[in-house]
Amino acid sequence: MALPHFRYQKGSLVILLVLSCVVGFPSSSPKPSMALLPPSSSSPTSKLKLQTQLQLLSKESNQSSSLPINSSPFILPSPLQTSPTGSGYGFATGNVDLGGGLLVTEITAFNKIWATYEGGPENLGVTIFEPSPIPEGFLSLGFYSQPNNAPLFGSVLVAKDITNQDSAAALKTPIDYSLVWSSQSLNIKQDSPAYIWLPTPPSGYNPVGYVVTTSPAKPPLDAIRCPRSDLTDQCEAHDWIWGSDAVYGVNISSTMPVDNRGLQAMGASVGTFIAQVSGTATALLSCLKNSNSDLSGAMPNVSQVEALIKAYSPWVYFHPEEAYLPSTVSWFFTNGALLYKKGDESNPVAIDADGSNLPQGGTDDGSYWIDLPTDPNAKERVKKGNLETAGAYFHIKPMLGGTFTDIAIWLFYPFNGPARAKVGFIKSVPLGKIGEHVGDWEHVTLRISNFNGGLRSVYFAEHSGGQWVDASALEFTDGNKPVVYSSLHGHASYRQAGTVMLGNGLIGIRDDSGKSSMVMDTGVRHQVISATYLGIVEPPWLNYARKWGPEVSYDIDDEINNVSKLLPGTLKSAFKKFVKSLPAETLGEQGPTGPKMKPSWNGDEK
């Protein structure tokens, strides 16, 4: 007799106990940590043992039910506003036409299929879901998986065939399934055994997701659909979700189109996962592809872009000790910034407010650079920026085959201040001029669903390389506006206040951030500087390809020696070696190029 599917939860515990006494646990079912005594045992010792067992199971039940994944699914703090209507685009209408007869929509509601309560991030396990309910006429492409250490917040695409053709249908049922992996033989904390099935597609079609069951029987063929091959693109494992080769024999990861993601890339993420089984060649899934020549079909129009900025523009908090604040580019230019030309350094040129006299295009060949005013008083004043009139610069672009809108938000700082370090037991060591440079461009990027206009994630350009953070893990203020913390002097962006160390445990550069009265709503004084599909006229300064600051004129060895004099002998050599290993960007040896010269301008964030 098979034991019914269950979870250790209050209300099901008594049924579990009774059934276990009658039929026992099948070898493939999760076993309690000790054998249960029959309820008929009447001795005090037996009753005490049974009470102890009940307490243990009740504790396990409470632990699983209290997991973040089992809390209420995450929703944004404020209801989504109705998107302004307009002509030309199909933003936030619920569906995206990927061409070739394939219409897709985004599902964010799910039925739980299987979970384990160990392994993965924070050792809390993973849960696998099927999308449900699915709108009439749409069909499943695969299941969704998420670690248990966060509230449920994800999406998968489901698809509808609008070709009305049998021979060249956009979607077809698989002809069979193959078992990719099962937890049946594993002694782990799990609801029941799980079976991950890969669809075997008909010729000319590709699978883009799995079916997951709690039975060893193959799923029905109509449980999933495979898209036509020309409607799919190469896919790769992206973020690790759960697993271990040694312990579980599998690693589960999210999927994304291959690395050429960018504003011209057609690959679209389905939201499904990939299971990579140790010791075997992984049968890779595909992603979807937008086969339309124009990715703007589901992008926001001008009024919708303004509505998104109003709804989601981040608040940037500056450290209480921050002395080098942002400004507008025009404020920087009109307050004395100068353009220098190699070979004619003695004749710098004042820069027009819009940068119209800056050299346009070309490459960063070192022939031009921008610097601060030559007057000492003006130089110190301009270094400090002007928060009262500062504004943010917005770049709007399609991403992931036009299924998302990325809004990159750039801030300009006239000056990047000196760095600080932790050296051994000395928590904060000023590094003199190390880290200083003229001109500093920093950014965060919002990723917004083109299906419903919801904020999905935010990219923070940290000094350690940057990271995407799901909306469910963000701090919000004033409705749905994400909070960003700008690090002291270096202006890197972080999702929470505190100290991030760039280095090893003994020595590292400090990135300190915190709240203060100095805060900027990036939507208050904003300028959309680029949105190719909208025909936005870009300001001349955006196409200036050279450095926004000169190479440093100080001797970095002198700065290192000045700092090391203050350190105990055992730390001197270690400190010198560490600083010498830092990249030029961190050392501040030269100013940066502008936003349009960054790889992320045309590509995805890394």
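Trainee: How many bridges join strand 10 to strand 11?

Mentor: Three bridges join strand 10 (residues 195-200) to strand 11, and the two run antiparallel; strands here are DSSP runs of E of at least two residues, numbered from the N terminus, and two strands pair if DSSP finds at least two bridges between them. This is a predicted model, in which local features need pLDDT of at least 70, side-chain atom pairs count only at pLDDT 80 or more, and totals for chains, interfaces and linings use all residues. Residues are numbered from 1 along each chain as its sequence is written, and side-chain values use heavy atoms, with hydrogens and water left out.

Trainee: And which residue is the bridge partner of Tyr195 in strand 11?

Mentor: Tyr195 has Thr213 as its bridge partner there.

Trainee: What order do the strands of that sheet take?

Mentor: The open sheet has three strands in the order 9-10-11, with antiparallel pairing. Strand 9 (176-182) and strand 11 (211-213) are at the edges with a single partner strand each, so one side of each has no neighbour in the sheet.

Trainee: Switching topic, is strand 3 mostly covered or uncovered?

Mentor: Strand 3 (residues 110-116) is mostly covered, five of its seven residues being buried, meaning under 20% relative accessible area with a 1.4 Å probe, protein chains only. Strand 3 pairs with strand 4 (residues 126-131) in the antiparallel sense over six bridges, and Ala115 has Thr127 in strand 4 as its bridge partner.

Trainee: Which residues touch the most other members of the largest nonpolar core?

Mentor: Those are Ile396 and Leu455, in a core of 37 residues, where a core is a set of buried Ala, Val, Leu, Ile, Met, Phe, Trp, Tyr and Cys residues joined through side-chain atoms within 4.5 Å.

Notes. Helices (H or I, at least four residues) and strands (E, at least two) are DSSP runs, numbered from the N terminus. Buried means under 20% relative accessible area, exposed over 50%, partly exposed in between (1.4 Å probe, protein chains only).
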